[in-house]
2 protein chains.
Amino acid sequence: MSIDPPGFELPLRLFLGFRVLIDDLHAELARQGHPHSRPMHGFVLQAIGVEGTTAVDLGRTLGVSKQAAGKTIDTLERLGYVERARDARDTRRKIVRLTPAGVDLLTRSARIFDDLRARWAEVIGPERLRELEADLRRVTPADVFRLDVPGWFGAS
Amino acid sequence: MSIDPPGFELPLRLFLGFRVLIDDLHAELARQGHPHSRPMHGFVLQAIGVEGTTAVDLGRTLGVSKQAAGKTIDTLERLGYVERARDARDTRRKIVRLTPAGVDLLTRSARIFDDLRARWAEVIGPERLRELEADLRRVTPADVFRLDVPGWFGAS
DNA sequence: CTTAATAGTGAACCAGGTTGTCTATCGTGT
DNA sequence: ACACGATAGACAACCTGGTTCACTATTAAG
């Protein structure tokens, strides 16, 4: 490689760590009956939450337009992970709620993430893993959503 | 948040760490005369390397089709970071090479990444940072390119 | 009660990925 | 020597998912 400073490895390793976790998660989710689940879905379902939300709010949470949020909801609805219901108080709004399949996906994801974390603890040791998480917490912002990964990384 | 296991934080922190580094890099690059540089560009320029490459090879390196690589090269060419030259040995091939602007972008990125890493070292301590990198190396694959981030995270 | 703000939707557009097709050129085997 | 398969690049069509603009329906406020 031409230009390979020490600082160049750090972002790569962080991303690869993220990616390997997400890939392992979805391989396991596919085995557990969610073959069509995509990386974005879990995050969106998490952002929707058990309380439900609306397209506008979801867009705000994820940092995308309400139209983009609406399209994502369409996809999740088609996959059976969410459903839309009219709000009696405000007939403009449509509440987006998790279906049992959506809750199942979130529940399994949670357990699988715990398992993957345990595997990391076996490799690098539980203490080092706790330190790694603590260190990352100190150098990253608190705001957890607003990933807006698709688009953000784009080359345009 | 509804479902918030310990294992759920780890991938988020990894991604946020990656993202905060990349965002800071591009904020600084914009200040240093590269306002149109996007996250993907640095990785692609790195993959092209000072030796140059072809669309087919670049596609192989990045894990995308040769057509997609060609489109990315079009963009970088339009921005003035690479240029295409005919290969005298094989007139089918077009060698993609970094322009001085492309080399400048890579050089500055390298220095800025080093600076950002130094800032992390100030926050969490140099020893902890080395441990963090060593630990990540043990849980991530060696293959550094093939990010194929756009698309991989998609919600389709 | 008029008017401004908000929720959702559709259309047009853009970026960037895919596959399929096509031409030009290279390289090899007979 | 030459035919033929493999390769490089480009073009088109299509898909996804993002954007903005425009529009309707409904709520909230002056």
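Reader: Let's start with α6(A) and α1(B): is their crossing left-handed or right-handed?
Author: That crossing is left-handed. Bear in mind that this is a predicted model. The helices involved are residues 126-139 of chain A and residues 6-31 of chain B, and their axes come within 9 Å.

Reader: What makes α5(A) roughly perpendicular to α6(B)?
Author: Here the axes come within 10 Å and cross at roughly 115 degrees. The perpendicular class covers 65 to 115 degrees, and that makes α5(A) roughly perpendicular to α6(B). The crossing is right-handed. Trp120(A), Val123(A) and Ile124(A) of α5(A) meet Asp135(B), Leu136(B), Arg138(B) and Val139(B) of α6(B).

Reader: Back to single residues. Why does Thr140(B) count as buried?
Author: Its relative accessibility is 9%, and buried means under 20%, so Thr140(B) counts as buried. This residue sits in the loop between α6 (126-139) and α7 (149-152) of chain B.

Reader: What does Thr140(B) touch beyond its neighbours in sequence?
Author: Leaving aside residues within four places, Thr140(B) is in contact with Arg13(A), Leu16(A) and Gly17(A).

Reader: How do you know that the side chains of Thr140(B) and Arg13(A) make a polar contact?
Author: The two side chains are joined at 2.9 Å, and the cut-off for such N or O pairs is within 3.5 Å. The side chain of Thr140(B) also has a polar atom 2.7 Å from the backbone oxygen of Leu136(B).

Reader: Why is Asp87(B) called buried?
Author: Asp87(B) has 11% relative accessibility. Asp87(B) belongs to the loop between β1 (82-86) and β2 (94-98) of chain B. Its side chain reaches the backbone nitrogen of Arg89(B) at 2.9 Å. Not counting residues up to four places away, Asp87(B) touches Arg93(B) and Ile95(B).

Reader: What about the span of α5(B), with its 25 residues?
Author: Helix α5(B) reaches 36 Å from its first C-alpha to its last, close to the 36 Å expected. The residue that follows α5(B), Gly125(B), has a positive phi near 95 degrees.

Reader: What covers the buried residues of α5(B)?
Author: Both chains contribute: the cover includes α1 and α6 of chain A, plus α1, α2 (39-48), β2 and α6 of chain B. Among the residues covered are Leu105(B), Phe113(B), Arg117(B) and Trp120(B).

Reader: Last one: how many helices and strands does chain A have, and in what pattern?
Author: Chain A has 7 helices and 2 strands, in the pattern α-α-α-α-β-β-α-α-α. Buried residues make up 53% of its 156 residues.

How values were computed
Residues numbered from 1 in each chain as written. Chains lettered and ligands numbered in written order. Predicted model: local features only at pLDDT ≥ 70, side-chain atom pairs only at ≥ 80, totals over all residues. Heavy atoms only, no water. Helix = DSSP H or I, 4+ residues; strand = E, 2+ residues; numbered from the N terminus. Buried < 20%, exposed > 50% of the residue type's maximum accessible area, 1.4 Å probe, protein only. Polar contact = N/O pair within 3.5 Å; in protein donor to acceptor, adjacent residues only side chain to side chain. Contact = heavy atoms within 4.5 Å. Axes fitted to C-alpha atoms, helices over the stretch in contact; angles between N-to-C directions. Left-handed = near helix turned anticlockwise from the far one by under 90°. Parallel < 35°, antiparallel > 145°, perpendicular 65-115°, else oblique. Expected span 1.5 Å × (residues − 1).
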